[in-house]
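Subject: A structure for you to look at

Hi there,

Here is the structure I promised to pass on, with my notes below it. Have it open while you read, and take the notes one part at a time.

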Amino acid sequence: MRPRPSSLELSLHCTRAPWLDARFLERTEAAQAGSSVDSEISTAIATGDLPIGASQAARHCWDWWRSLGGVEGLAEVHVQGLISLTDPEDGSELTRGTPDLWCIEQDNSILVVDWKKAEQWRAGLLPPVNQNPQLLSYLASLMLSRRAVRGRVVVVPWDDDGVYPQWSKTFTAADVLEIIDMVKSAPEVDPAGPEPQATMGDHCFRCYRRRHCSAYLLPAADPMPKALAPLSAPGELARADAVAALVWMAEAKAALKRGQDLVDQVDDVLRAHALQCGPIVDGSKKWGPTPTKGRRSGPSVEELEQSGRSELIKIGKPGVRFGWTKL
Ligand code: SF4
């Protein structure tokens, strides 16, 4: 099978990434919660108004959309319409997916819109807008099928404070063949076949499947045991061993950070799941949120009472902690 548009960018760096993507199609609760703003703004554009109780972020997206002229200012508007890119040479399907929004402007140029969380954009997890294979594959398909001579994509990162639209250059018919070549260069994926070779690099930080990737996970334990011997041997540490120890320490810290990033990711998914679906039960215990009273700081209550400053005693802010409790 061909990689999905959302897998294209990583598949150009690493053949294992689209393979893992095809095998682990699950959408986590955390991802669903993250896309609720996308669904609010999609509903708003489809129905002509924001849903009651829409989030602040969705309101910013809506205001931006209205500033473009909204539905009235465009010839066609399609919310989450399926798009298939076919090879103009032999008609085979190269990829197929669903952009958040695509429009035909009054002059028949194409506009593809992608809503994204601003934190992903700020963390550098999105490819540059002019080289975004996912959005460019949608654009190329629409330019071909609508015989459009120009088109643009816009990524719209959002948060509670506003939107930060990232516009691409204007792509022309001459660019479409280059985009198709780029999509064709992504290798086929066989989800039932053997695990493809992993190619690690900075792109791993953009890989949503990294918690399933042995190449990413295993180095966490790999360099440590074999490099520890000179440090644990009796006697004085030789200078050469000290240099090696520094290298080992840097690798170990990087590996531990990767491990901690993964733990944080899994923790986020579990918290979102427990909040949405209730505590996770295992035998006689359950894992989920428990209210906490919150901590107070400063002088002790006793000290304040003794010094006659009991008006300074403040009740701690209640919170919530996640962990095991008895059923
Ligand atoms: S984590 Fe890196 S090496 Fe592993 S599949 Fe993803 S991109 Fe490839």
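Let's begin with a pair of residues you can find by number: Val 77 has Cys 103 as its bridge partner, and Cys 103 sits in strand S4. Before you go further, please keep in mind that this is a predicted model.

**The strands around S4**

Strand S1 (residues 76-79) and strand S4 (residues 101-104) run antiparallel and are joined over four bridges. S4 also pairs with strand S5 (residues 110-117), again in the antiparallel sense and over four bridges. One place to look is Leu 101, which stands opposite Val 113 in S5. How many residues lie between S4 and S5 in their hairpin? There are five, and Asn 108 in the turn has a positive phi of about 70°. If you wonder what holds such pairs together, strands of a sheet pair through backbone hydrogen bonds, either parallel or antiparallel.

**Two helix pairs**

The crossing of H4 past H5 is right-handed. Residues that make the contact include Ile 41 and Ala 44 of H4, together with Cys 61 and Trp 65 of H5. By class, the contact of H4 with H5 has nine nonpolar residues, no polar ones and one charged.

The other pair is helix H7 (residues 133-145) and helix H8 (residues 173-185), with axes 9 Å apart and an angle of about 130°. H7 and H8 are therefore oblique to each other. Is their crossing left-handed or right-handed? H7 and H8 cross in the left-handed sense. Among the residues in contact are Leu 136, Ala 140 and Met 143 of H7, and Val 176, Ile 180 and Val 183 of H8. The contact of H7 with H8 divides into eleven nonpolar residues, one polar and no charged.

**Around the ligand**

Finally, have a look at the ligand. Which of the 16 residues around the ligand come nearest? They are Cys 14, Cys 204, Cys 207, Arg 210 and Cys 213. Helix H2 (16-23) and helix H9 (214-217) each supply at least two residues of the shell, and H2 gives the most, with three. The shell is made up of eleven nonpolar, two polar and three charged residues.

Enjoy exploring, and write back with any questions!

Best wishes

Definitions and conventions:
Residues numbered from 1 in each chain as written. Predicted model: local features only at pLDDT ≥ 70, side-chain atom pairs only at ≥ 80, totals over all residues. Near = placed C-beta within 6 Å. Nonpolar A, V, L, I, M, F, W, Y, C, P; charged D, E, K, R; others polar. Left-handed = near helix turned anticlockwise from the far one by under 90°. Contact = placed C-beta atoms within 7 Å. Axes fitted to C-alpha atoms, helices over the stretch in contact; angles between N-to-C directions. Parallel < 35°, antiparallel > 145°, perpendicular 65-115°, else oblique. Pairing = 2+ DSSP bridges.
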